[in-house]
There are 2 protein chains.
Amino acid sequence: MSYLLGLCLFLHSQLVNAQDSLKYIDAKTLVTIGKAKVTKQWSQRIDSNETVTMPKVVQGLAKNSAGIAIIFETNSPVIAAKWTLAEDKYIANMTPIAHSGLDLYCLKDGKWQFVSPGRPEKGALDQSQIIIRRMDTTMKQFLLYLPLYNSVTNLSIGVNIKSVIKAPQKVAVDKAKRIVIYGSSIVQGASASRPGMAYPAMLQRKLGMDIINLGFSGNAKMEMEVAKYLVSIAADCYVLDCIPNQTPKQVSERALPFIKYLRDKRPNTPIILVETVIREHGYFDQQVGSNVRKQNENINKAYLQLLKENYKQIYYIPAMAFMGNDHEGTADGTHLTDLGFSRIAEAVFKELQKVLGRK
Amino acid sequence: MSYLLGLCLFLHSQLVNAQDSLKYIDAKTLVTIGKAKVTKQWSQRIDSNETVTMPKVVQGLAKNSAGIAIIFETNSPVIAAKWTLAEDKYIANMTPIAHSGLDLYCLKDGKWQFVSPGRPEKGALDQSQIIIRRMDTTMKQFLLYLPLYNSVTNLSIGVNIKSVIKAPQKVAVDKAKRIVIYGSSIVQGASASRPGMAYPAMLQRKLGMDIINLGFSGNAKMEMEVAKYLVSIAADCYVLDCIPNQTPKQVSERALPFIKYLRDKRPNTPIILVETVIREHGYFDQQVGSNVRKQNENINKAYLQLLKENYKQIYYIPAMAFMGNDHEGTADGTHLTDLGFSRIAEAVFKELQKVLGRK
């Protein structure tokens with residue numbers, strides 16, 4: 001009996017080992033989504049040549065892989081990944097999985113379903129991990145999100161040595177449909193629990209379109225250099241969620257010229273303006289509360305001015321449409337969690353459906 | 001003009017400095033909730049004398065401050081905290097705020113409203129931080145949750161040197177009503193974004209009762225030594241969410257004697273059984289999927305057996321009542337995020353309302 005058990009355990013371990021005999025292929029050879037243009041360094045959002053006139057911090061943040069994902073097909077029972085991070089990060093309001101990890105989804109009945117994350121190990125830049133194993137061996141389409149707040153200098157995908165892995169013939173994301181979201185840390189993905197829970201990634205799965213995440217933590221202050229980059233991207237819609245880090249005065253000074261420039265250069269592209277999240281601590285810290293109110297008053301004034309000047313296809317989402325009424329959508333008063341992100345994703349999704357339908 | 005501006009800035013900075021002249025008082029002198037009994041080391045959940053017969057890991061985890069909170073009243077415009085952590089933690093699926101930080105709420109119109117967290121700094125055991133400032137100076141009641149996955153050897157609360165801070169005369173949590181929740185890492189709070197978003201803490205605010213968080217990460221395997229401790233706590237209800245880390249065989253062997261022992265020693269205390277969360281990666285990893293199904297089959301069998309044996313006041317929450325239908329409630333397939341925790345809190349809340357009403 002114990003001999004039989006021993007044999008079973010041995011065979012089982014051989015099976016697992018056989019499943020886990022891996023070959024790795026470079027992620028660059030698969031399908032990439034979430035990038036507006038080809039860049040010299042594959043996993044950065046904007047090529048360094050195009051950020052030279054932007055603020056220094058934005059130049060750095062443009063190298064983070066937020067919103068970038070790969071799509072592939074495999075019949076492997078196991079999926080692994082090796083990835084190299086640029087920095088050993090610590091972020092008090094984010095999980096390591098979100099800032100430096102991976103997030104795997106699988107296409108099931110036409111919908112992207114969460115599979116499992118790639119957990120970064122403490123202190124290591126070279127990461128290696130089996131993300132999922134013991135799957136059935138039918139051919140499936142997978143989507144793997146890259147880290148939100150780190151840069152990935154190398155990424156390779158491991159599958160069983162006998163399995164097929166390739167770029168899908170029919171990719172389940174319509175790369176011809178593209179939404180550009182320009183914003184702050186919230187757009188970049190703080191404080192999602194994993195890369196796929198940042199709201200641009202949620203929208204990507206809900207809409208089946210290519211979403212370009214141009215979220216820049218602590219930034220997105222409507223600099224004209226960024227406007228020039230935005231208009232260089234052909235998009236079906238621009239979402240401007242870039243109020244959080246501007247002073248109310250900056251909003252007053254910058255919003256109109258920024259938006260008018262976009263409209264001038266891209267006359268047929270709808271623009272959705274999103275108010276800043278309400279800072280939850282602003283219900284107590286009176287200075288923060290007053291500042292947030294003024295930020296939103298000023299973007300609202302700019303919006304009304306555009307309507308008055310007869311600008312068309314400018315849309316507006318007030319913060320109250322996505323904050324909920326429980327004051328529980330943030331990790332720290334500012335940064336939305338998966339709960340808060342579900343709410344903003346739903347509000348922007350509804351608006352996008354209207355806007356894209358109207359076009 | 002620039003002179004006037006300079007003067008304003010000077011006066012403003014003096015005001016901020018005046019607000020931020022702090023006195024600190026030991027948290028132990030305020031009201032503590034979330035603890036079943038007094039312990040020698042104030043911030044641990046179970047006194048080390050009472051854990052000696054429990055598994056070694058549980059002995060350690062009982063020192064974590066999950067679920068413990070303090071309540072105080074102050075008219076200070078600023079609230080700060082100094083806290084000393086036992087360990088410098090790294091947890092891939094948790095934010096540092098959740099595992100090692102603090103979480104402040106304020107009583108507003110009879111409800112607890114989130115204010116702001118205490119963010120731990122990287123690598124430090126001695127933490128010091130201003131949590132909120134620039135509040136109006138009416139007297140308010142505050143609730144401060146301690147870290148979920150660390151132990152706090154010291155905690156003191158800072159307020160303005162001229163302000164009052166004291167234990168409230170009328171505490172907004174009914175300490176005479178007590179729910180004990182025994183469970184795994186999920187009960188302990190992985191992967192809430194901050195301590196107040198663990199589901200026992202959500203229940204505490206929803207019910208206004210004292211909730212005892214006996215969540216032990218990687219554990220809660222229905223050891224009889226733990227049953228003996230549970231029955232030593234007078235409770236209005238026991239919630240047993242302790243299936244996740246047991247093998248299906250352990251569930252079959254342990255559930256009935258464990259539950260019967262509780263019922264025998266506490267004949268009038270209702271018991272709510274909670275199925276294990278469905279592992280999201282178990283929809284792909286066939287071994288994990290099959291294991292989870294068996295765990296829940298076996299706790300369900302135990303429940304039906306108890307009904308058959310005419311046990312009363314045993315209640316049951318199936319996993320499908322709280323998993324949602326989007327597969328998006330977890331950080332890693334197992335551990336609920338604020339989104340997943342909102343769902344389980346709602347399901348357990350509804351059951352508790354029924355159960356406590358029926359008593």
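The legends below describe close-up views of a predicted model. In this predicted model, local features need pLDDT of at least 70 and side-chain atom pairs count only at pLDDT 80 or more, whereas totals for chains, interfaces and linings use all residues. Residues are numbered from 1 along each chain as its sequence is written, and chains are lettered from A and ligands numbered from 1 in the order in which they are written.

**View 1. The two copies, chain A and chain B, are superposed by a rotation of 180°.** The shift along the axis is 0.0 Å and the RMSD is 0.0 Å, with the superposition made by least squares on the C-alpha atoms of residues with pLDDT of at least 70 in both copies. This is the relation of a two-fold axis. The same surface serves both copies, in that 100% of the contact residues of chain A recur in chain B.

**View 2. The contact between the chains draws 41 residues from chain A and 41 residues from chain B.** Two residues are in contact if their C-beta atoms, placed from the backbone, lie within 7 Å. On the side of chain A that touches chain B, the elements giving two or more residues are helix H4 (96–100), strand E6 (111–118), helix H9 (286–308) and helix H10 (338–358) of chain A; helices (H or I, at least four residues) and strands (E, at least two) are DSSP runs, numbered from the N terminus. The largest share of this side, 5 residues, comes from E6(A).

**View 3. An open sheet of 5 strands in chain A has the order E12-E11-E13-E14-E15, with parallel pairing.** Two strands pair if DSSP finds at least two bridges between them. Strand E12 (209–215) and strand E15 (314–317) of chain A stand at the edges, each with a single partner strand, so one side of each has no neighbour in the sheet. Strand E11 (residues 174–183) of chain A runs parallel to E12(A) and is joined to E12(A) by 7 bridges, and A:Arg178 stands opposite A:Asp210 in E12(A).
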